[in-house]
Structures are given as C-alpha cells and as structure tokens.
Amino acid sequence: MSDMLKVSSSPHVRAKDTTDRIMLYVIIALLPTSLFSVYNFGIRALLLIVITIASCMASEFIFEKITKRPNTLKDFSAVVTGLLLALNLPVSLPYWQAVIGGVFAIVVVKMLFGGLGQNFMNPALGARCFLLISFTGSMTAFTYDGVSTATPLALLKSGEELNVSVMDMLIGRTAGTLGETSALAILIGAAFLIAMGVIDLKIPASYILTFAVFVLLFGGHGFDMTYLAAQLCGGGLMLGAFFMATDYVTSPITPMGQIVFGVILGLLTGIFRIFGANAEGVSYAIILSNLLVPLIERYTIPTAFGKGGKKA
C-alpha cells in the first residue's frame, strides 16, 4: 500500500516563495538605491520615502476598511509601491504631492481594479505619470547639492554631452529623481533579485539591448559608446528595466512574450527619448506596454502538447 500513488487536484508543484517573501526581497534589493538617495540628497530624501510609503499603506488600510475587505498590508506590496514611487520622485517635490501620488497609486491603479494581481499597470509608475501631468513644474524641478540643475539626460537632449560625465552617472553624483542617479546601486540590487530567483534576464536584457541598438541607429551620434553609456546610465532606464518592467502582475508570463515585451519597451523608450520633446520616456513606455500584455500573451502562448501539428 505504501507504493500507491497519491492522487490530488492541481497544482502538483508549488513554489516555496510567498507574495510577502518576494516583496521583502524587492525591498532588500532597493535598499542600496534608497540609502544612496539619502546620502546623495540628504534627510529630505528619507522623509519623502517615509511619507510616500506611509501614504500607500494608509490608503490601502482605509480602502479595505471602507469596503470591508481583508487586510492585505502584511504582503508588503503597498510598501514596495510606496518605495518605488518615492524613488521616481525629485527630492524637492512637496510632501503633499507625494501623498496624493501614494493615494492614486493604491486606490485608483491598484484597489479599484481588485487589488494585488488585478491592476492593469504598475501602480508606482501610474502614479508618477499622474503626478507628471498634474504637477509638471515640481515633478521636473531637480536639485543637486542644493542647486537647481538639469539632469544628464536633459543635457544630452540639448546637445551638451560634453558636460555629462558617465562616471558620475554610474556612481550617482548627478541630479535626478531619488532612485535614478546611481546606476551602480541599482545594478547591485538587481543582482540580488536575480540571485534569489525573483526575476530573470529576459525582460531587462531584451529591453536594454533593444534600446541600445535603437540609440546607435537613430541617436544621431553614430557608434559613440560614451553617448550610449550615458543614455543607458541616465534617467530611469536601469530602475525601470529591473524593478518595474519585471513586475509579475503587469508583465507577460510566457517566455517569448517577455522577450517581445522587452523589445517593445526598448523601442518605445528610444522613440520617446530620441524623437520626443522630453528627455525621458521610461515611465510612459512601461505603462503603455503594460496595456499590451494581454495581446502579447495571446500570441505567444506555447502550443499545447499534441496540438497544432501538421495534419497528414
């Protein structure tokens, strides 16, 4: 009798990771970027991070109380949304605008569509784009060392590439949002996520490679590797590629779909940066691509075994 097979309903293979564990891994991976932002911009960066996370958690708690839904704060998804949103904001942004962004991310983008797993776009980026439209002036005002200055991407856009230091962009000695200045800190966190198996390289690699090819072909600087490196290290490309484009909920689940998704992201980001009026384009590229995910999955679902073959 001990040799009899146990029959049960699916799923038959279960992953050990839970939602809260995965979210905790993401928080840990974002610590290098978060800590560097505090070092780079001062105590106001820390306050902005705390306020944004608190607004997201409070919004989720209050919404679930009003709608009599189970409390989901223990899955840490609201913390991740608040942290990612904060890292996409300039340090000079008024606190009350950051609070509005947190409320929008949780209530409008996440909870009104059913909560975690049901949102149609990345909540943090949805809120960032909302703030960009609503408060353009404060969302595009950047300071470094207490002085208002242009971001490296803005300098590249205006043809002042001689004033851009790739090494400063890699380390983080530049103006920008809290989380986009240090490419090195972002890559350290990304390496942790890859090592823990939280993400793989299909989306980030196809995204970055497609964007790089686009810049080389249409950037107007030929095969200038310094210009390419500045484009790769500048803005939200690295943060978006590793931490937001790979969001489980708003990215394809099929292997080929993930590659297609990354290619679309690279093309859209290249179009927005090179031909658009704005120097950045990662946020809009990701949320627009999020809307295409159902279509991408529809055409990239692997053929079931025994189906789709040629008939005799």
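Which residues does Asn88 touch, not counting residues up to four places away in sequence? Asn88 touches Leu125, Arg128, Met139, Thr177, Leu239 and Met244, where contact means heavy atoms within 4.5 Å. The legends below place this residue and several others in the predicted model.

This is a predicted model, in which local features need pLDDT of at least 70 and side-chain atom pairs count only at pLDDT 80 or more, while totals for chains, interfaces and linings use all residues. Residues are numbered from 1 along each chain as its sequence is written, and side-chain values use heavy atoms, with hydrogens and water left out.

**Figure 1. The protein chain as a whole.** The protein chain has 14 helices and two strands; these are DSSP runs numbered from the N terminus, with helices (H or I) of at least four residues and strands (E) of at least two. Its radius of gyration is 21 Å, close to the 20 Å that the globule rule gives for 312 residues, so the chain is as compact as a globular protein of that length. The radius is taken over C-alpha atoms, and the rule is 2.2 Å times the number of residues to the power 0.38. Along the principal axes, the C-alpha atoms fill a box of roughly 75 × 55 × 35 Å. Of the 312 residues, 50% count as buried (buried is under 20% relative accessible area, exposed over 50%, partly exposed in between, with a 1.4 Å probe and protein chains only). Among contacts with a separation of 6 or more, 75% are between residues 24 or more positions apart. The accessible surface comes to about 15600 Å², and 69% of this surface belongs to carbon and sulfur atoms; the areas come from the Shrake-Rupley method with a 1.4 Å probe, and for residues only the protein chains shown count as cover.

Figure 2. Rolling a probe the size of a water molecule over the atoms shows where empty space is left. The structure holds one cavity of 30 Å³ or more, and the volume of the largest cavity is about 40 Å³. On a 1 Å grid over the protein atoms alone, a cavity is a set of points where a 1.4 Å probe fits but cannot get out, and lining residues have an atom within 4 Å of a point. Grid points are joined across faces, edges and corners, and the volume is the space filled by probe spheres set on the points. The lining consists of Asn88, Arg128, Thr177, Glu180, Gly236, Glu280, Val282 and Ser283. By class, one of these residues is nonpolar, four are polar and three are charged (Ala, Val, Leu, Ile, Met, Phe, Trp, Tyr, Cys and Pro count as nonpolar, Asp, Glu, Lys and Arg as charged, and the others, Gly among them, as polar).

**Figure 3. Asn88, a lining residue in a loop.** Asn88 lies in the loop between α3 (77-87) and α4 (95-110). With a relative accessible area of 6%, Asn88 is buried. Its contacts include Arg128 and Thr177, and both of these residues also line the largest cavity.

Figure 4. Most residues other than glycine have a negative phi. Lys68, in the loop between α2 (43-66) and α3, has a phi near 55 degrees. Phe76 is found in the loop between α2 and α3, and its phi is near 65 degrees. Lys68 counts as exposed at 74% relative accessibility, whereas Phe76 counts as partly exposed at 30%.

**Figure 5. Ile186 in helix α9.** Ile186 lies in helix α9, residues 183-195, and is buried with a relative accessible area of 1%. Beyond residues up to four places away in sequence, Ile186 touches Thr33, Gly179, Glu180, Met238, Leu239 and Phe243. Ile186 and Gly240 are 54 residues apart along the chain, and their C-alpha atoms are separated by 9.8 Å.

Figure 6. Leu232 belongs to helix α11, residues 225-233, and counts as buried at 17% relative accessibility. Apart from neighbours within four places in sequence, Leu232 is in contact with Ile208, Phe211, Ala212, Leu237 and Met238. The C-alpha atoms of Leu232 and Ile208 are separated by 7.7 Å. Arg273, in helix α13 (residues 255-275), counts as buried at 3% relative accessibility. Arg273 and Leu178 are 20 Å apart in space, C-alpha to C-alpha, and 95 residues apart in sequence.

Key. 1 Å grid on protein atoms, 1.4 Å probe; cavity = no way out; pocket = protein on both sides within 12 Å on 5 of 7 lines; lining within 4 Å.
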